[in-house]
Amino acid sequence: MKKLFMALFTAFTVCTSLLWAQEKSNAQVFVEKMGIGINLGNTMEATGNWVNKKGGVRAYETCWGSPVITKEIIQGYADAGFKTLRIPVAWSNLMSADGKYTVSPELLNRVQQIVDWTLECGMYPLVNEHWDGGWWEQFPSKKEESMKHYKAIWTAVLERFKDYDERLVLESLNEEGGWNSLWNRYGGTTGKDKSYALLNEINQTFVDMARASGGYNATRLLLIAGYQTDIGLTCDPLFVMPEDPAKMCAVSVHYYTPSNFAILDKDADWGKNRTTWGTPKDVTELAMNMKKMKTTFVDKGIPVIIGEYGCPTKNKEQESIQNYVRLVALHAYKNGMCPVLWDIQKKGTAEDPFSHYDRRTGRIVDPVVQENFRNILETVTR
């Protein structure tokens with residue numbers, strides 16, 4: 001009987017393990033392979049009416065401070081240990097003015113070149129539709145025209161990349177999914193359902209378009225933007241993940257908490273710049289937020305990508321910067337999520353210190369930050 005019991009117990013354990021492997025889903029397994037990522041920030045999503053359009057795509061690419069991107073810059077990300085490169089894009093730059101919202105072939109070609117380099121460097125490219133000059137604010141008042149704009153962008157992008165393999169990830173939008181003209185989170189609940197419903201509709205449209213566009217788009221991982229990419233608002237029951245026949249969707253949130261440390265580098269009318277971070281209360285808050293995403297999504301088979309997180313490097317204690325960047329990545333990574341560091345090019349002066357990566361040298365500025373990332377990747381089991 002004892003031998004029979006042990007045999008049955010072993011069989012049960014094996015079956016349970018197999019079921020767990022199945023429950024983890026292809027999407028979750030894929031996201032875990034994406035490791036730790038970094039953003040190519042303030043580059044392909046840079047936009048403004050003041051930019052000289054005669055300079056073409058390069059004028060936009062460099063107008064917010066970035067050098068022209070090269071394959072060597074991207075190789076530096078890979079050499080530093082990053083496995084994912086998020087490429088925010090303002091697809092309306094140089095768009096046709098005839099009302100057809102034709103995406104610039106020059107812009108498509110340039111983004112495609114960056115995607116190619118990313119793949120050649122062994123990384124996962126993640127391409128989105130970013131803030132894009134603010135036309136997103138018009139969705140509640142000009143829904144039909146805004147949806148036409150949105151569909152035109154994704155029709156062009158999906159067609160261009162449909163033959164790229166599954167390593168390329170596409171993201172529905174950035175932080176713009178939520179409209180104060182419909183609902184203000186600080187002013188009651190009136191209009192809340194309408195604002196959520198609009199975001200849900202846009203995300204579903206994105207998935208439907210992708211799956212119908214053919215090629216690898218039929219099954220590739222799609223990243224679905226949460227409500228204003230805010231953890232609390234995205235965990236609200238009114239936020240609904242799109243129906244997806246391929247079952248290959250992940251949800252995106254951003255992490256800039258507490259905002260007076262993670263966003264401000266000087267006092268503002270809404271808050272006082274905080275120079276330090278890392279108290280037991282801070283770490284507990286971080287752990288609770290990551291646990292909330294895990295229980296709401298990861299544990300239910302919906303993988304999570306922290307599409308942006310980070311903090312300024314100006315007017316901050318260096319140790320606090322190191323701890324914040326490390327612990328956010330650690331808590332996300334060990335809970336099965338992919339954390340993607342927000343990063344932009346700076347001048348490297350006292351008034352404009354580097355962010356985290358110097359594109360001119362192709363290296364992480366602070367070796368402690370790089371070592372911390374490496375330790376997470378090498379020591380944390382998921």
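## Cores, cavities and pockets in a predicted model

The largest nonpolar core in this predicted model holds 99 residues, and Y77 and W91 have the most contacts inside it. Here a nonpolar core is a set of buried Ala, Val, Leu, Ile, Met, Phe, Trp, Tyr and Cys residues joined through side-chain atoms within 4.5 Å. Buried means under 20% relative accessible area, exposed means over 50%, and partly exposed lies in between (1.4 Å probe, protein chains only). Helix α11, residues 318-334, gives the most to this core, with 9 residues. Helices (H or I, at least four residues) and strands (E, at least two) are DSSP runs numbered from the N terminus. A second, separate core has 14 residues, among them A27, L221, M248 and C338. In soluble globular proteins, nonpolar side chains tend to be buried together.

Before going on, a word about the model. Local features need pLDDT of at least 70 and side-chain atom pairs count only at pLDDT 80 or more, while totals for chains, interfaces and linings use all residues. Residues are numbered from 1 along each chain as its sequence is written, and side-chain values use heavy atoms, with hydrogens and water left out.

Let's look at some individual residues. Contact means heavy atoms within 4.5 Å. Leaving aside neighbours within four places in sequence, Y77 is in contact with I38, N39, L40, F82, L85, M123, Y357 and R359. In helix α11 you will find A332, which counts as buried because its relative accessibility is 0%. Not counting residues up to four places away in sequence, A332 touches M290, I306, M337 and P339. The C-alpha atoms of A332 and I305 are separated by 8.6 Å, although these residues are 27 apart along the chain.

Helix α2 (residues 25-33) has S25, A27, Q28, F30, V31 and E32 as its buried residues. Just after α2, G35 takes a positive phi of about 60°.

What about the cysteines? A disulfide is a pair of cysteine sulfur atoms within 2.5 Å, and by this rule the count is 0. The sulfur of C121 is 17 Å from the closest cysteine sulfur, in C338, so that pair is too far apart for a bond. For C338, the closest cysteine sulfur is in C249, at 16 Å, which is also too far for a bond. Both C121, at 11% relative accessible area, and C338, at 0%, are buried.

On a 1 Å grid over the protein atoms alone, a cavity is a set of points where a 1.4 Å probe fits but cannot get out, and a pocket is an open set with protein on both sides within 12 Å along at least five of seven lines; lining residues have an atom within 4 Å of a point. Grid points are joined across faces, edges and corners, and a volume is the space filled by probe spheres set on the points. There is 1 cavity of 30 Å³ or more.

| Space | Volume | Some lining residues |
|---|---|---|
| Largest cavity | about 40 Å³ | T43, M44, V57 and Y60 among them |
| Largest pocket | about 770 Å³ | E175, R185, Y186, Q228 and D230 nearest its centre |
| Second largest pocket | about 500 Å³ | A262, I263, P312, W342 and I344 closest to its centre |

The largest pocket is lined by 25 residues, and α8 (231-234) and β6 (249-255) are the elements giving two or more residues to that lining.
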